[in-house]
Amino acid sequence: MDVHLSKKSRHSPSHPILFSSSSSSSTPLAIQLLLSNQIYPPQPQPQPPLIHNSITSLKSLFDSNQFRTNVVISPRSALSIYKDSFVDSFSPSSTTISTRAFLQFTFGLHPSQSAIEQFYKTNVKQTYTFSLLVKRLKFLLSSDPPSLSILTSTTALQPSLSTLISSLTLANPTIQPSQITSEHSRIVCQNSTFANACMQLFLVHNVTTIKEIMLKSSPDTPQYERITITLYDSELDTLKPDPFTFLPSLSLALSSSSSLQNLLDALLETFWSSLLSHSYFATPALIHQLTPELTKFLQSGLTQNPLLPLLLNAHFSPTYPLAFYLHGLAGAGKSSFVRAFIPALNETIEENLDPELLVRYVKQNLNKPFCDLNLELTLRPNNNDLSVMSIIQGRRQTLAQTKPGLVVINLEECPFDDPSNDPNQLETCQLISQRFSGRNGEFNAAVDYEPPRNSKDRGISGDATLLTFFTSNYELGGDGRSALGRLDMFKNLTSIKMEAVAKTDRTDFAKKYLLNMLQQTNEDINIINITISMDVGSGDTRPLVRHLRMIAFFITGYLKSSSSHLSSLILSNSSQGLIQITINSSKIITLTHDEVSDNLFPTQDTPIYNTLANSISLSKTPKFRRIVDFFLSHTLTPAVVVSTSKARLSNLVDIISAFDGVNSIRGVNPDNYKMMRSLYDSRDTPNLRDDILKFGKNTHTVVEMCCEGLDAQLQIREMIEDSPSMTAFSSAKSALYKEGLFFFVYCADEISPEVRSRASLILEVG
């Protein structure tokens with residue numbers, strides 16, 4: 001298995017063991033040994049005896065490597081290792097890694113842990129986990145020569161799961177792609193950090209099964225802080241535990257006596273940062289309102305009692321119900337916040353607590369006649385029940401998931417509180433209260449009403465893994481709140497008035513989002529002086545986000561082409577209304593706004609930065625070349641070119657499809673090919689969304705669509721818009737994000753307003 005490290009480390013040698021003594025390599029020695037399968041057991045040192053599930057053998061291993069230990073007798077036998085004994089009192093070798101150093105890495109307490117973890121995450125994790133997958137498949141398919149031949153020739157130089165799956169399923173049709181995908185997901189989760197990668201090697205080599213590892217903090221007496229390991233005992237444990245993995249934020253949890261508070265601070269920081277990366281800016285006022293409830297929810301998922309030892313196993317099992325009622329004028333950002341909340345929460349949990357846990361999504365529109373809503377929410381006693389209630393109950397853990405996850409329930413457009421309306425707010429809230437509690441009858445409004453004893457067992461009201469968001473243009477009335485308050489899941493329902501980002505908050509958002517975009521393409525950019533005096537608009541922030549992505553594109557292109565460093569940035573409007581970008585007080589890039597496509601184009605001779613885009617003939621129109629430049633840099637998400645000339649569009653698709661690394665899907669007719677599966681479709685139903693997802697993330701895909709009529713144009717609206725494509729089957733991870741997608745849409749009829757508003761470029765006939 002060839003392994004190629006595509007990036008160089010930005011970390012300097014802060015510890016002798018971190019970097020190889022070879023001056024020709026900037027790869028940490030620990031990483032080199034991990035990739036060569038020599039990090040554990042140590043070589044050529046004497047091999048310690050295998051531990052199996054023996055506390056005595058485990059204690060002997062740690063004692064022999066200068067760790068301070070103690071055997072716990074009650075409530076069951078376990079081994080405690082004192083945290084301060086992980087601190088080195090001697091200089092390690094610069095050419096080998098001892099068993100002690102390996103154990104320090106495994107428990108996230110090596111002096112160079114932070115730098116190693118960053119290098120592993122940035123440069124190694126993808127190739128290493130892909131190589132483990134290939135190794136695993138070689139073992140499973142050892143009796144299948146065609147598959148084995150493919151695996152033997154597979155390299156991790158450019159790991160592509162989709163390419164591997166396509167090759168294997170073509171050679172052996174009995175292989176299920178979902179099986180390979182699940183196996184790969186399992187390997188990625190178990191090796192989510194360098195510490196976890198080391199732990200997997202330790203467990204496999206020693207034939208050991210760990211039940212749990214706890215951290216006992218002692219702020220007043222740090223010398224008594226200890227890590228307690230409990231091994232699986234077949235005589236005591238009725239079930240064998242799942243394969244052990246640490247919290248991804250292990251090092252942070254162990255860094256000080258305030259382990260729980262450190263974790264909570266990191267979780268909140270990751271969440272708000274991720275929310276911004278998904279184009280939602282939370283104002284200081286919104287952060288102030290959300291943080292208390294979000295903190296309680298996150299803390300309940302980590303521990304039931306902050307005074308008890310902290311479980312270091314990867315886990316998140318919340319017990320505090322989280323529910324928000326978001327109300328405000330249209331365009332205030334209610335739905336945008338919920339859309340961004342789902343991936344932000346998933347990324348927060350994945351990066352810090354449990355990479356296996358998925359956040360799924362169910363949306364229900366409440367603004368419909370009461371009889372229709374009642375029908376959709378009512379459980380049916382049969383195997384074909386596809387009511388909303390049934391969908392919610394099934395979303396926590398699908399067949400593809402290894403453990404239960406979280407479900408965000410988005411109850412949109414809660415109606416006005418007027419008894420004469422149908423629907424009206426009170427009836428809707430009473431219906432939700434009744435159905436979510438597991439009852440099919442009518443709501444009993446009596447104050448002293450007691451529900452049947454077994455109703456909670458049938459409902460979902462006591463499940464804190466269900467997170468509820470109501471969105472509405474209207475405030476929540478007192479009677480509606482009382483009806484919802486009967487359920488445990490709405491006991492903490494928090495009403496928040498949402499307001500569109502405006503004035504100084506909007507400018508602050510523009511600065512933070514622009515800096516975030518620049519840092520994604522240039523890791524050396526830290527804090528720079530950004531001044532924004534240009535018009536940042538009002539209301540919906542999505543047009544502003546689109547323009548900021550393009551501005552970041554031109555800044556990044558200039559910096560790379562001129563090998564310049566960024567120290568200051570000014571965005572302003574000229575007297576003609578043009579956007580001026582002043583870089584380092586000298587270079588000025590002037591952009592004009594194309595109102596038809598809502599794109600920004602340079603007024604002067606600004607180069608086409610991507611070499612592939614630059615290779616397109618000038619006769620193909622300069623604007624098209626720029627759109628291709630935007631597409632290849634993931635600036636437009638997605639890029640959409642529309643034309644009523646089928647031949648001209650087909651010719652352009654031929655050009656882009658020929659680019660190296662660009663996938664293509666040709667001739668999609670929305671009249672006879674589904675855009676995505678519906679609830680009633682089987683898993684193998686052909687559809688465009690799944691076709692695109694098969695190519696994997698961070699790829700470039702061109703899709704040619706042929707709309708023969710206006711109905712076909714209506715069917716593609718959701719697919720070509722810039723928001724993620726999510727279905728009732730989706731999780732935050734499985735949603736179709738539009739980065740790297742290029743849609744070419746042929747319209748036989750006149751281009752509809754819906755398609756026109758989503759177009760990056762419209763090519764007229766002639």
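In which crossing, right-handed or left-handed, does helix 10 pass helix 12? The crossing is right-handed. This is a predicted model.

**Helix 10 and helix 12**
- Helix 10 spans residues 259-277, and helix 12 spans residues 334-352.
- The two pack at an angle of about 135°. Their axes lie 8 Å apart.
- Angles over 145 degrees would count as roughly antiparallel, and 65 to 115 as roughly perpendicular. Helix 10 and helix 12 are therefore oblique to each other.
- On the helix 10 side, the contact is made by Ala266, Leu267, Thr270, Phe271, Ser274, Leu275 and Ser277.
- Helix 12 meets them with residues including Phe337, Ala340, Phe341, Pro343, Ala344 and Leu345. Glu347, Thr348, Glu351 and Asn352 in helix 12 also take part.
- By class, the residues of this contact divide into 10 nonpolar, 5 polar and 2 charged.

**Helix 6**
- Helix 6 covers residues 161-171. Its buried residues are Ser162, Leu164, Ile165 and Leu168.
- These residues cover an arc of only 160° around the axis, which puts them on the same side of helix 6.
- An α-helix has 3.6 residues a turn, so residues three or four places apart point the same way.
- The buried residues of helix 6 pack against helix 4 (113-140), helix 5 (145-153) and helix 7 (177-190).

**Lysine 503**
- Lysine 503 sits in helix 18, which runs over residues 503-521.
- Its relative accessible area is 74%. Exposed means over 50%, so lysine 503 is exposed.
- Valine 536 is 33 residues apart from lysine 503 along the chain. Their C-alpha atoms are separated by 8.6 Å.

Technical notes: Residues are numbered from 1 along each chain as its sequence is written. This is a predicted model: local features need pLDDT of at least 70, side-chain atom pairs count only at pLDDT 80 or more; totals for chains, interfaces and linings use all residues. Side-chain values use heavy atoms; hydrogens and water are left out. Axes are lines fitted to C-alpha atoms, for helices over the stretch in contact, and angles run from 0 to 180 degrees between N-to-C directions. Helices (H or I, at least four residues) and strands (E, at least two) are DSSP runs, numbered from the N terminus. Angles under 35 degrees count as roughly parallel, over 145 as roughly antiparallel, 65 to 115 as roughly perpendicular and the rest as oblique. A crossing is left-handed if the near helix is turned anticlockwise from the far one by less than a right angle, and right-handed if clockwise. Contact means heavy atoms within 4.5 Å. Ala, Val, Leu, Ile, Met, Phe, Trp, Tyr, Cys and Pro count as nonpolar, Asp, Glu, Lys and Arg as charged, and the others, Gly among them, as polar. Buried means under 20% relative accessible area, exposed over 50%, partly exposed in between (1.4 Å probe, protein chains only). The arc is that of the directions from the helix axis to the C-beta atoms.
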